[in-house]
Amino acid sequence: MSLRDRPHADGTKNKDGVRRVSTTVVLLGVVSLLTDVSSEMVASILPLYLTAVVGLSPIAYGFLDGIYQGVSAFVRLAGGYAGDRGGQPKWVAVLGYGTSALSRIAMLPATGFAAITAVVTADRLGKGLRTAPRDALIAHSSAPDMLGRSFGVHRTLDTFGAALGPLVAFALLAAVPGSYDSIFVVSFAVAVLGLAVLVLFVPNIRTATQGARLGLRRVAAEVAGRRLRRPLLAAGLLGLVTVGDGFLYLALQDRDDFAATWFPLLYVGTSLAYLGLAVPLGRLADRVGRARVLVAGHGALLACYLLAALPSGGLTLTLAVLLCLGVYYAATDGVLPALVSRLVAPGARGSGIAAAQTVVVLARFGSSLLFGLLWSLQGPGWSLLLFAALLAVVVPAAGWLLRGIDRTEAAA
């Protein structure tokens, strides 16, 4: 029985004859929505909490921020392989979501640098562990020609949570000023609710039978295979010239000098743009080719750099940057795993997706270190222009590396 014919590979139609994404995808989207409300509640107040309340120095906070951004890369492959090896990625995802949920409440007693570092590390390890198995579940529960749409629906729900989380946190602080403990408690409760949805309602889709489990050598051969080499290289090159959101937002604030109290709304603005575009661009990727949309999305990122590097700005240009950033994420975040999932054997999908995500995370971590150094030497404007020039070279190179990939994916 083909993937299209399986009950969980949804090809059902509504009363108007329009095909829908599977219920599993929607449920996983709800899990991610609740989890992102929880995580973004904490992330939006963490810099202020750690520096103003706990009293960490900027250097110490910079170290923690590096951990927050990069540590998940080291367990993504392990999470993907564990889901593939056991044939039950749901329970690997449960472990990841559960670890992150516990880290929320663990922030309450954590006051020293070592304790906070351990909590932040646990949160990011949980994220790294759950991401690939979750995306493997999405791929396994979707028809091949609806992968882009399915990932778009999931990312839409995920992003709605990311936009809602900071608003909930600031509403709590407005109601009870300085009550950071209430944010950690509410964040933990929302994370537990998301975990409950995953455990109780998401089906335990088996991605391999007992006799068909892939060994480590077979998975390594799939990940290092010919069909994945060029996509992974393209993703790595693009990641190396991708500036983190925080740097872009800081560049906007440095140029326009708007009040720090409005700073968190930049995250919300990008999330709203992503929210409205994830499904349309996912559907477009299904129709015209996922590699094409992935490369074109980095054109929107190039526009972000150029707009943010302008010497003068204002509200209109700021909104334009947020819109372009939302376009970039909508064209890449769900499209990359949708592309990769069709280039590896079904039993190794989690590992293939994890490999791509690991390459991107590590490349972006290196990019952040380089951009931070350039910022300290020559300021944000020239640094953005330099990265824009590099991206303008890398985008056509990535397009060349990905040529014909859409046909390979369709054949697979």
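This is a predicted model: local features need pLDDT of at least 70, side-chain atom pairs count only at pLDDT 80 or more; totals for chains, interfaces and linings use all residues.
Q: Is the crossing of helix 10 and helix 15 left-handed or right-handed?
A: Helix 10 and helix 15 make a right-handed crossing.

Q: Let's zoom out. How many helices and strands does the protein have?
A: There are 16 helices and zero strands.

Q: What share of the residues in the protein is buried?
A: Of the 412 residues, 53% are buried. As for contacts, among those with a separation of 6 or more, 83% come from residues 24 or more positions apart.

Q: Back to helix pairs. How do the axes of helix 4 and helix 7 cross?
A: Helix 4 (residues 89-106) and helix 7 (residues 180-201) have axes that come within 8 Å and cross at roughly 170 degrees. That angle is over 145 degrees, so helix 4 is roughly antiparallel to helix 7. Helix 4 passes helix 7 in a left-handed crossing.

Q: Which residues meet there, between helix 4 and helix 7?
A: From helix 4 the list is Lys90, Trp91, Ala93, Val94, Tyr97, Gly98, Ala101, Leu102, Arg104 and Ile105. Their partners in helix 7 are Phe184, Val185, Ser187, Phe188, Ala191, Leu195, Leu198 and Val199. By class, the contact of helix 4 with helix 7 divides into 14 nonpolar, two polar and two charged residues.

Q: What about Val92, is that residue buried or exposed?
A: Val92, which is in helix 4, is buried, with a relative accessible area of 13%.

Q: Which residues does Val92 touch?
A: Not counting residues up to four places away in sequence, Val92 touches Gly79, Ala82, Gly83, Leu129 and Pro133. Of these, Leu129 is 37 residues from Val92 in sequence, with the two C-alpha atoms 7.1 Å apart.

Q: New topic: how many disulfides does the count come to?
A: Zero disulfides. Cys304 is in none, and the nearest cysteine sulfur, that of Cys324, is 4.8 Å away. Cys324 is likewise in no disulfide, its nearest cysteine sulfur being that of Cys304.

Q: Are Cys304 and Cys324 buried or exposed?
A: Cys304 is buried at 0% relative accessible area, and Cys324 counts as buried at 17%.

Q: Last one: where is Leu317, and what is it in contact with?
A: Leu317 is in helix 13 (residues 315-332). Leaving aside neighbours within four places in sequence, Leu317 is in contact with Arg255, Leu307, Leu310 and Ser312. At 22% relative accessibility, Leu317 counts as partly exposed. Leu317 and Cys304 are 13 residues apart in sequence and 9.7 Å apart in space, C-alpha to C-alpha.

Methods: Residues are numbered from 1 along each chain as its sequence is written. Side-chain values use heavy atoms; hydrogens and water are left out. Axes are lines fitted to C-alpha atoms, for helices over the stretch in contact, and angles run from 0 to 180 degrees between N-to-C directions. Helices (H or I, at least four residues) and strands (E, at least two) are DSSP runs, numbered from the N terminus. Angles under 35 degrees count as roughly parallel, over 145 as roughly antiparallel, 65 to 115 as roughly perpendicular and the rest as oblique. A crossing is left-handed if the near helix is turned anticlockwise from the far one by less than a right angle, and right-handed if clockwise. Contact means heavy atoms within 4.5 Å. Ala, Val, Leu, Ile, Met, Phe, Trp, Tyr, Cys and Pro count as nonpolar, Asp, Glu, Lys and Arg as charged, and the others, Gly among them, as polar. A disulfide is a pair of cysteine sulfur atoms within 2.5 Å. Buried means under 20% relative accessible area, exposed over 50%, partly exposed in between (1.4 Å probe, protein chains only).
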